[in-house]
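Let's take a walk through a protein together, one stop at a time. Keep the picture open beside you as you read.

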Amino acid sequence: MLKLENIFKRYVVGDTAVLALKGINIEFRKNEFVSILGPSGCGKTTLLNIIGGLDRYDSGDLSINGKSTKQYKDSDWDAYRNHSIGFVFQNYNLIPHQTVLSNVELALTLSGISKSERRQRAVEVLNKVGLGDQLNKKPNQMSGGQMQRVAIARALINNPDILLADEPTGALDSETSVQIMEILKEISKDKLVIMVTHNPDLAKEYSTRIVRLLDGSIIDDTAPYISEQIPQTDNDVKKKSKGKKQKTSMSFFTALSLSLNNLLTKKARTFMTAFAGSIGIIGIALILSLSNGFQFYIDKVQEDTLSSYPIMIESETVDFASLMTEVMGDNTDTEEHGLDKVYSNDIINELVSTMVAEVKQNNLKDFKTYIESDECDMDKYTNDIQYGYDLDLNIYSADTSKGVLKVNPSTVMETMGMSPAGSYSMMSSSFSNTDVWEEMLGNNKLLSSQYDVLAGRWPSAYNEVVLIVDENNEVSDYTLYTLGLKEQSELKNIMTKVAAGEEIDIESKSISYSYDEILNTKFKLVLNSDYYSYDEQNGIWVDNSEDEAYLKTLVDDAEEISIVGIIRPNEDAIISETNGEIGYTNELTKYVIGKINQSEIVKAQKDNKETDIFTGIAFPTGEEEEAEPTMDDVNAYVSTLPEDEQQQMNAYFATLTEEEIISMFADELKKQTTDATYESNLKLIGAVDIDSPSNINIYPIDFESKESIEDIINDYNSKQTEKGNDDDTISYTDYVGLMMSSVSIVVNTITYVLIAFVAISLIVSSIMIGIITYISVLERTKEIGILRSIGASKKDISRVFNAETIIVGFVAGVLGILVTVLLNIPINMIIKSVAGISHVASLPIVAAIILVVISMVLTLIAGLIPSSVAAKKDPVIALRTE
């Protein structure tokens, strides 16, 4: 079974070579109890280590089941120790941080045995040595005899062929020694037991064979054995080849378990190590938290800013940059002259010339068709694309009990006498856009992110609107006057007194309205075409907008508009999208355009494109010649007058000559031309083409998207130029410009620089963890020897310490993330109080996971050298370490 032939082993100590074994020749039976006796230093333990594969012989041969081990590799010796050898040491050599059960199971984990089978076999062998009730104890909770029984159980767990015992009773009292010897004797009935001992009495009483060594040589053997050399057949060789021991390998989870249990025995040091390692993680995580928060804030600012300042494309646009150059007088093309006189600088003339030259007509109809086609992918870069039309929404208060009140376009400035024709015309120019009704974006998600619904709901139909209040739940009194919630007559009285030079006493008193009062407010929608009625007698359409009775009936019968919600910009909104106080949807615009285009007056004008439907006179073509009026012209004119006036005129005409009549009506007859055009009449009655907007507002998602949109517009212009359609290229106005486009770049650059600095501390922390891991290697040297003795390979040992660094790295990473999350709370409070920005410090989950992984990777790299040192340790020397 086991045969040693001419074995030599030499140790080099300093400059001296010591020959520990000198030509050992011995063969063992399959089952016997062999005791090796001899004085200290005679080579007993060395012989045992060579038999157990812990040490290598220098020359000779060790044969196992007839097979030489001369060609054995490290993996073969590992498998041999794990499957064929069981060690029992004088000092037990149990792993202190593992339970009894875990110590015994350990060898099986290297054999690839399942967890359930490992436990079953470990319990059976512990019962066999009388420790079935001590499974969960730690070695330091047991007596010496119990620990030696655990060591024997561990040696037997893999059912080895050979049990090697090095002074198994050396640390035990006499009674316990006898108990251990009885166990070994029982084992020797079906296994080879080789025991090294200094006690000749125990050897004589329990051994079946005693071998004596002196100075590295066998001097006595009480029962020598020489096996018969039976010639091997090819079949025998195949059997031996098939019977080759399976290679051992420790699973990573086993390595984690060993390392975790070891770390838990040194909780304080483990925590301090992990905390030191987490400092770099905390620094980077805080930077990422602030960077992420500010980047989110910047993105929000961009989105909100661009929702208020879109890319604007007007049907008629001007190059404002050139205009500003002229206004500022920054024109370098000046005429040189002397300084002896005062010369004029023609800014106004140049300004007018520039305005005329820089006016650009945009073909928005074709461009709208393009951006809505499959050829264009602008949608993915926008929050909304809003089409505007040259059309006013005519909205009135639903309550006509005190007269008709138009709320859109607003009449407040006119009531105050600030209309352009009034005495306050200069002041009124400051209020060029006084309407409080504004079309909202069609992006409900963006609106929901900018506004909170205080009462009611968002509009779901074309005739539903919302009232927008500010962050203090307030609306201006201008809005209240406009909407009829406050009486405009108050303003008129005040302005009258001001104009008369009288003193006025204006009480500044806040008025409040309940949500229900606001939600019960109703308006009426009057179409542009509704103001007109057809005069069948004269065959023309008549404007009734100044007829109060007609207007009151029109408003009373008009379609109702309801306020269905009250919304307020939320605290996270930087700039709210809508500047007005009443927000309506694009559905209302589409509805009005559709209804007007279906009206009779629009159909009448479109059916008579050459005639003004309001006068019955043909539109001028530019080719008319001025002719002298005739009586036919006079009669045609008189026929347009009311019937009673016609009778009076005809009676009067009887007293005059034809020339006098023509002369009297000469001026009137000249007025029978019209300044109107077909297009101006359609505009007057609100007839617009839904496919031909007067402006397009494009709302980019962010500045990066804005650049993509600009690229799309430029590509469109290039295509038009290639086709020779230079007049169809698009000019646009970008009010925001590059105002904030570089902010993100600056934030990212600062972030990267700070991370680079903090990363240095992370690397230093990792190096420190590597040093502490090396200290752990020194502390666990005996454990390394124990693992090697039960068949663990060098890779397994390296894996154990790599697992330890990974655990420390994981704890450091998680600890760093937790500390960062806690620090973000006061950081957010400070930023909120100082800058008024909420939730700035926010660590993304993905970034947190990545940082934990980085921490684990860095500590793993830092631990590669210590784990390599551990793997290279000599198991024999490691087992001697205390």
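**Starting in a loop**

Thr655 is found in the loop that links helix H24 (643–653) and helix H25 (658–664). Helices here are DSSP runs of H or I with at least four residues, strands are runs of E with at least two, and both are numbered from the N terminus. Thr655 is exposed, as its relative accessible area is 60%. For these labels, buried means under 20% relative accessible area, exposed means over 50%, and partly exposed is in between (1.4 Å probe, protein chains only). The side chain of Thr655 also reaches the backbone oxygen of Tyr652 at 2.6 Å.

A word on where this comes from: the model is predicted, so local features need pLDDT of at least 70 and side-chain atom pairs count only at pLDDT 80 or more, while totals for chains, interfaces and linings use all residues. Residues are numbered from 1 along each chain as its sequence is written, and side-chain values use heavy atoms, with hydrogens and water left out.

Now zoom out. The protein has 34 helices and 26 strands, and 46% of its 882 residues are buried. Take the contacts (heavy atoms within 4.5 Å) with a separation of 6 or more: 79% of them are between residues 24 or more positions apart.

Leaving aside neighbours within four places in sequence, Asn528 touches Leu391, Asp392, Asn394, Ile596, Leu684, Ile685 and Gly686. Lys872, in the loop between helix H33 (864–871) and helix H34 (875–880), is exposed, at 65% relative accessible area. Lys872 lies 75 residues from Ile797 in sequence, and their C-alpha atoms are 8.9 Å apart in space.

Next, look at helix H3 (residues 100–109). H3 is mostly covered, with 9 of its 10 residues buried. What do those buried residues pack against? Their partners are helix H2 (74–84), helix H4 (115–128), H5, helix H9 (252–264) and helix H30 (781–789).

Let's follow H3 to H4. Their axes come within 9 Å and cross at roughly 120 degrees; axes are lines fitted to C-alpha atoms, for helices over the stretch in contact, and angles run from 0 to 180 degrees between N-to-C directions. H3 and H4 are therefore oblique to each other. On this scale, angles under 35 degrees count as roughly parallel, over 145 as roughly antiparallel, 65 to 115 as roughly perpendicular and the rest as oblique. On the H3 side, Val100, Leu101, Val104, Glu105, Leu108 and Thr109 meet residues of H4, including Arg118, Ala122 and Leu126.

Gly145, Gln148, Arg149, Ile152 and Leu156 in H5 meet residues of H6, among them Thr176, Ile180 and Ile187.

Terms used: Polar contact = N/O pair within 3.5 Å; in protein donor to acceptor, adjacent residues only side chain to side chain.
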